[in-house]
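Reader: I've got a model open on my screen and a few things to ask about it. Can we go through them one at a time?

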Amino acid sequence: MKKNRITIFDTTLRDGEQCPGASMNLREKLQVGRQLARMKVDVIEAGFPVISDGDFEAVHTIAREIKGPVIAGLARCVPKDIEVAAEAVKPAGKTRSRIHVFLATSKIHREFKLGKAQDEILRLAVNGVELAKSHVKDVEFSPEDGSRTEPDFLVEVCKAVVAAGATTVNIPDTVGWAVPEEFAALIGRLHDEVPEFRSGKAVISVHCHNDLGLAVANSLAAVRAGARQVECTINGIGERAGNAAMEEVVMSIKTRNDYFGDIECGINAKEIVRSSRLVSRMSGLLVQRSKAIVGENAFAHASGIHQDGVIKKRETYEIINPEDVGWGLSELPLTKHSGRAALSQRLRHLGFKLAEQDVEAVFTRFKVLGDKKKFVYDDDLTAIVGDQITLVPETWQLDYISVCSGNHTVPTATVKLKKRKNAKEFEHLQDAGTGDGPVDAALKAIDRLTKTSGKLIEYAIQAVSHGKDALGEVTIKVNFGDDELVPGKGASTDIIEASARAYLNAVNRFLNTTKPRDERAAQP
Ligand code: KIV
Ligand code: ZN
């Protein structure tokens with residue numbers, strides 16, 4: 001049977017505006033981008049270039065560094081947005097650059113957000129697509145809030161933007177309103193009424209949000225109805241309740257090929273778990289234990305009846321072989337006796353491409369960890385690398401921390417930090433703080449030294465690997481007074497040290513944040 005290949009369009013890197021609190025820095029985005037390429041996603045939307053210098057830099061760098069996938073930049077139907085997006089994706093070259101323009105089309109958005117009538121929306125959409133087309137061949141248009149747009153008008157918009165040169169029209173369920181049957185009917189209607197969708201000259205895409213927990217179901221229903229691109233994210237991260245989870249979309253199509261028939265996608269499923277962990281670490285958004293495919297419990301069988309069944313025949317209670325999505329594929333753990341070459345080789349195997357000084361820093365922490373733990377697992381290494389990549393320009397570094405705590409003592413932390421004076425020199429500063437508990441005391445000491453005052457809004461700790469000597473990874477969100485939540489991450493076998501590292505990471509991010517561009521607020 002001739003297969004119908006669907007395009008997997010990944011928006012995991014579209015953070016900041018879209019996914020508050022999950023913003024990744026450039027080095028984190030690059031690592032995730034490399035992993036997305038390794039798992040063979042077709043398109044990476046690397047950001048919204050006009051939004052900030054940081055977003056522009058991320059799209060531009062990913063377009064230059066990441067080979068394989070098409071690289072897309074998001075833009076409103078505003079000339080400045082489109083020109084900046086065109087500049088950002090340029091390094092990907094003629095065959096791999098896409099501009100993704102969007103404009104809201106639903107009645108509620110037209111009337112209350114944009115104050116524009118249908119004909120004006122049509123004109124702006126066509127102008128936006130034409131301008132994008134003058135820069136790149138591959139243009140995608142999204143009628144924002146498409147699922148709540150009057151179907152007749154949506155058909156008109158699709159016809160107009162395709163005539164103007166759009167090669168993909170993406171129908172977003174922006175607010176997670178759709179239900180599968182209804183959404184499939186809408187996609188089916190567009191497929192039937194726009195000749196270019198039927199002929200394959202233009203592709204229907206879908207981009208579903210998860211407000212009612214239906215993002216994956218809606219995406220799959222749309223595929224059955226004629227959509228040939230699915231927009232999704234690793235772990236389902238994204239604005240509010242998130243977007244369709246890529247791993248669920250991909251594994252549904254692969255596992256239920258009896259139902260999806262001729263539909264296939266090019267994703268290398270064995271990379272799914274690795275991608276999930278990397279994204280979780282880089283974004284600071286933890287994966288729920290019972291999350292399908294990538295949650296810790298996704299293949300754990302607690303009930304005796306299930307265990308018995310799985311032992312007799314795995315398929316009695318498992319519809320996916322965990323190894324097919326990358327569970328249990330880690331290599332033999334390293335030990336403190338492993339040398340630099342073994343470590344570098346393992347880092348490459350895990351998909352990291354690090355500068356020499358980063359490998360050196362990872363090696364130093366690996367040796368310290370190796371002294372504390374018998375075995376250093378791939379997950380431990382990924383956490384150490386995560387710490388290293390997460391390092392924003394390090395104005396402050398942890399030198400040491402010593403904590404005095406107990407049920408008859410005021411918890412006190414003594415912290416020594418290194419403050420960068422220039423490329424080579426550091427100033428060493430030490431202070432102490434007391435608090436409600438040892439973590440609070442450590443953070444107070446850091447506040448005194450760095451002259452910041454952060455309020456801890458979220459705090460989560462997770463064991464990275466198994467056993468009593470497991471590395472603990474702390475993920476936090478801090479408010480430094482301007483209502484923006486700054487994420488921070490840190491890992492150590494000592495959870496107070498991991499907390500201090502995470503907090504310093506947030507302090508450094510706060511001190512080195514790129515400010516948004518002025519155009520951010522402008523609407524077309
Ligand atoms: O949800 C949405 O409408 C979007 C568009 C920009 C595609 O993210
Ligand atoms: Zn969206």
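Reader: Let's start with R14: how far is an N or O atom in its side chain from an oxygen atom of ligand 1?

Author: Keep in mind that this is a predicted model. R14 is one of the residues around ligand 1. An N or O pair within 3.5 Å counts as a polar contact, and here the R14 side chain and a ligand 1 oxygen are separated by 2.7 Å.

Reader: And what is the distance from a ligand 1 oxygen to the side chain of T174?

Author: T174 also belongs to the residues around ligand 1. H209 has a side-chain N or O atom 3.1 Å from an oxygen of the ligand. For T174, the distance is 2.6 Å.

Reader: How much of ligand 1 does the protein bury?

Author: On its own, ligand 1 would expose 260 Å². Of that area, the protein buries 96%.

Reader: Which strands each supply at least two residues of the shell around ligand 1?

Author: The shell divides into 2 nonpolar, 6 polar and 2 charged residues. Among them are H100, S142 and N170. The strands that each give at least two residues are β4 (97–104), β5 (138–144) and β6 (168–173).

Reader: Over in the open sheet of 3 strands, which ones stand at the edges?

Author: The order is β13-β14-β15, paired antiparallel. β14 (residues 472–479) joins β15 over 8 bridges, and V478 sits opposite V486 in β15. Two strands have a single partner each, so one side of each lacks a neighbour in the sheet: β13 (455–463) and β15 (485–492).

Terms used
Residues numbered from 1 in each chain as written. Chains lettered and ligands numbered in written order. Predicted model: local features only at pLDDT ≥ 70, side-chain atom pairs only at ≥ 80, totals over all residues. Heavy atoms only, no water. Pairing = 2+ DSSP bridges. Helix = DSSP H or I, 4+ residues; strand = E, 2+ residues; numbered from the N terminus. Near = heavy atom within 4 Å. Polar contact = N/O pair within 3.5 Å; in protein donor to acceptor, adjacent residues only side chain to side chain. Areas by Shrake-Rupley, 256 points an atom, 1.4 Å probe, with all protein chains shown as cover. Nonpolar A, V, L, I, M, F, W, Y, C, P; charged D, E, K, R; others polar.
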